[in-house]
Protein chains: 2
Amino acid sequence: MKTPQERFYPVIPAGGVGSRLWPLSRAAAPKFLLDLTGDGLSLLRQTYERLAPLSSGPVMVVTGESHANAVTQQIPELRGADLVLEPSPRDSAAAIALACAIIRSRDEDAIVGSFAADHVINPVEQFHTVVREAIETAATGKIVTIGIEPTEPSTAFGYIRAPKPLDVPGAPSAQEVDSFVEKPDAATAAEYLASGNYTWNAGMFVAPASLMLEHLRRTEPELHDGVLKIAAAWDTPERESVMEQTWPTLTKTAIDYAVAEPAAAAGDVAMVPGSFDWDDVGDFDAVARLNQEKTGEDLTILGEKSEVIARDTTGIIAANAGRRVVVIGMDDVVVVDTEDALLVTSRKDAQRVKEAVAQLKKHGGTKLL
Amino acid sequence: MKTPQERFYPVIPAGGVGSRLWPLSRAAAPKFLLDLTGDGLSLLRQTYERLAPLSSGPVMVVTGESHANAVTQQIPELRGADLVLEPSPRDSAAAIALACAIIRSRDEDAIVGSFAADHVINPVEQFHTVVREAIETAATGKIVTIGIEPTEPSTAFGYIRAPKPLDVPGAPSAQEVDSFVEKPDAATAAEYLASGNYTWNAGMFVAPASLMLEHLRRTEPELHDGVLKIAAAWDTPERESVMEQTWPTLTKTAIDYAVAEPAAAAGDVAMVPGSFDWDDVGDFDAVARLNQEKTGEDLTILGEKSEVIARDTTGIIAANAGRRVVVIGMDDVVVVDTEDALLVTSRKDAQRVKEAVAQLKKHGGTKLL
């Protein structure tokens with residue numbers, strides 16, 4: 001019998017455009033393919049390198065068909081059998097459930113871990129410690145979420161309520177989860193923070209593949225049967241034809257609704273606190289902050305640095321258009337220069353980029369998104 | 001005998017890049033060829049239209065050879081004989097003296113008026129009243145500068161000291177000039193403003209061509225003889241060969257040193273106050289101010305307006321690169337987007353664009369200038 005750690009298989013669902021990072025992130029160049037920390041590694045590659053050492057088996061990536069080339073370029077180590085290409089977006093439940101089903105068909109005792117492709121996590125050692133605790137906890141028959149310890153009363157995340165310690169050997173910090181709660185208002189978020197019983201739901205979890213599928217079978221039986229059908233054909237010559245036939249029929253729903261919340265109600269969910277620095281790099285303010293922390297400089301220049309002339313300027317400048325960029329006397333500015341679109345805003349208004357994206361969607365600017 | 005007004009010939013020296021308007025203004029697209037007020041007219045065209053009604057004769061333009069096509073496109077009315085193309089830059093004395101010499105060879109009683117191609121002046125009627133006074137004053141044997149009434153203790157201009165009224169029929173506001181003074185420091189500028197005896201030297205003057213040339217003959221005899229030689233050949237088949245041979249030998253000096261200052265010392269200079277709104281559009285702050293005054297809007301968009309999405313933004317956006325430009329939450333910003341260079345600064349730092357231009361000059365960015 002293999003140990004829990006030996007049965008661990010990481011999965012990276014690589015989806016989402018990251019529209020608050022427009023015009024750097026696009027449908028064709030989503031956030032997870034960007035190098036936002038100026039070290040030459042995309043967020044996807046960083047995620048892969050963080051996960052690979054935890055597993056003796058392969059890492060699986062689930063992404064859209066159009067990203068196949070970019071993903072294999074970023075992860076040359078990836079085997080074709082571990083690259084799940086979605087012919088169309090069918091939301092997170094289908095993507096993650098299919099990964100679970102394929103992995104379980106190869107190892108029925110598999111413990112899967114699902115980690116977004118576009119988060120920044122440091123230090124890696126601390127992340128490994130946390131995931132190992134989550135694996136031990138999952139092996140006791142739990143779906144284990146990794147809860148991010150809140151640093152502020154954010155209204156941008158869902159929260160996980162986990163008030164009671166569990167007693168799991170090898171996982172001293174594991175807690176019992178009694179509920180997931182949706183993004184709260186500011187007052188509620190402040191209460192959550194003060195109580196100490198809540199962590200942010202960052203969508204990271206570790207669980208036995210069979211337990212995930214069991215909960216899915218109960219809540220979404222058709223979706224469950226569909227992914228099992230694809231998984232059965234996956235490592236055979238029928239993979240492509242079954243995928244093509246079945247995928248478009250799968251129910252579109254989020255993994256939180258289909259599995260995590262019902263499982264929590266059934267007492268099957270645990271939480272291990274993510275006691276590492278975590279950032280979902282939600283906007284250019286976050287990109288600026290992360291780089292500032294890394295370099296100690298209050299101006300971050302991404303892209304073609306030699307094209308940039310910046311004087312008395314702080315904030316972030318991304319020069320990706322092969323053009324000269326001159327910025328003078330601007331504090332906390334965000335300048336993102338790409339071939340077909342330019343963004344100028346401030347770090348404090350960085351969230352509002354989505355307003356412009358919405359406007360482009362409405363008024364025929366879709367080719368820029 | 002013709003009246004002074006009938007002997008008036010306007011000259012437009014169209015030179016200077018306007019480097020504080022970079023990257024909009026370039027060697028190849030200098031300030032005078034730009035439309036900075038969004039009404040589809042270049043500053044040169046506006047200057048021409050302001051001057052043409054004052055004269056029954058032709059308007060003359062002096063500019064660099066490389067601008068020949070652009071200038072004739074802007075002023076299709078211009079005859080070839082009234083377009084003086086400098087094979088190389090030889091400073092303002094050569095340019096203006098040659099214009100005077102050509103015009104005098106056609107009308108020995110000519111009164112010339114020289115007006116920069118890149119100033120904004122309103123209202124036109126008031127400008128005409130002032131120039132007509134200057135013409136009457138010039139006809140009494142004076143070099144007449146048009147002094148701009150200072151609105152602030154600016155250190156960016158030279159000043160004209162003219163403390164005593166003259167008594168010229170048809171020119172009630174003409175004053176006697178006793179000196180030109182160089183750009184002062186802030187304290188001196190404040191004194192000048194308080195005294196009421198000083199106006200800004202904006203380089204506009206009206207004078208008998210023969211008086212201009214007489215002063216030039218005394219201070220710069222070689223330059224004088226050179227321009228007379230070219231002028232003698234101008235309306236003959238030898239124009240081009242004499243120009244090519246003689247122009248490069250002309251002394252490089254400014255008209256202020258060669259003529260205006262010595263003439264003032266000799267008591268030959270008068271001043272008529274320019275009682276109109278005047279702006280030399282020195283930087284993007286001025287461009288923003290002029291447009292704001294015109295439209296009442298605190299955001300000016302130049303270029304491809306339909307490409308710009310601006311939210312909660314004031315200042316100026318020039319979209320000249322055929323790209324989408326999104327600006328969010330920026331106050332008094334300056335965003336100038338051109339095909340090969342982008343500028344982002346604030347209205348208050350608009351003057352500092354010249355720092356970037358200097359840096360480009362030093363570090364191999366000359367092709368962008």
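Two residues are in contact if their C-beta atoms, placed from the backbone, lie within 7 Å. This is a predicted model, in which local features need pLDDT of at least 70, side-chain atom pairs count only at pLDDT 80 or more, and totals for chains, interfaces and linings use all residues. Residues are numbered from 1 along each chain as its sequence is written, while chains are lettered from A and ligands numbered from 1 in the order in which they are written.

**View 1. The surroundings of A110(B).** A110(B) belongs to the loop between α3 (91-106) and β4 (111-114) of chain B. Helices (H or I, at least four residues) and strands (E, at least two) are DSSP runs, numbered from the N terminus. When residues up to four places away in sequence are left out, A110(B) touches R7(B), Y9(B), I103(B), R104(B) and A209(B). A residue is buried if 20 or more other C-beta atoms lie within 10 Å of its own, exposed if 12 or fewer, and partly exposed in between, with C-beta atoms placed from the backbone. Is A110(B) buried or exposed? A110(B) is buried, since 21 other C-beta atoms lie within 10 Å. The C-alpha atoms of A110(B) and L216(B) are separated by 16 Å, and the two residues are 106 residues apart along the chain.

**View 2. Strands β1 and β2 of chain B.** Strand β1 (residues 8-14) of chain B and β2(B) run parallel and are joined by four bridges. Two strands pair if DSSP finds at least two bridges between them. A14(B) has T63(B) in β2(B) as its bridge partner. Strand β2 (residues 60-64) of chain B is mostly covered, with four of its five residues buried.

**View 3. The two domains of chain A.** Chain A is divided into domain 1 (5-279) and domain 2 (291-368); such bounds come from an automatic or database domain assignment. Taken over C-alpha atoms, the centres of domain 1 and domain 2 of chain A are separated by 30 Å. Seven residues from domain 1 of chain A and 14 residues from domain 2 of chain A take part in the contact. On the domain 1 side, the residues that touch domain 2 of chain A are three nonpolar, three polar and one charged. Here Ala, Val, Leu, Ile, Met, Phe, Trp, Tyr, Cys and Pro count as nonpolar, Asp, Glu, Lys and Arg as charged, and the others, Gly among them, as polar.

**View 4. The contact between chain A and chain B.** Each side is described by residue count: 28 residues from chain A and 28 residues from chain B. On the side of chain A that touches chain B, β19(A) gives the most, with six residues. That side divides into 15 nonpolar, five polar and eight charged residues. β17(A) pairs with strand β19 (residues 341-346) of chain B in the parallel sense, over four bridges. Within this pairing, V325(A) stands opposite L342(B) in β19(B).

**View 5. The axis relating the copies.** Chain A is superposed on chain B by a rotation of 180° with 0.1 Å of shift along its axis (RMSD 0.0 Å). The two copies are thus related as by a two-fold rotation axis. In chain A, the C-alpha nearest the axis belongs to V344(A), 4.0 Å from it. Copies are superposed by least squares on the C-alpha atoms of residues with pLDDT of at least 70 in both. Of the interface residues of chain A, 100% are also interface residues in chain B, so the copies meet through the same surface.
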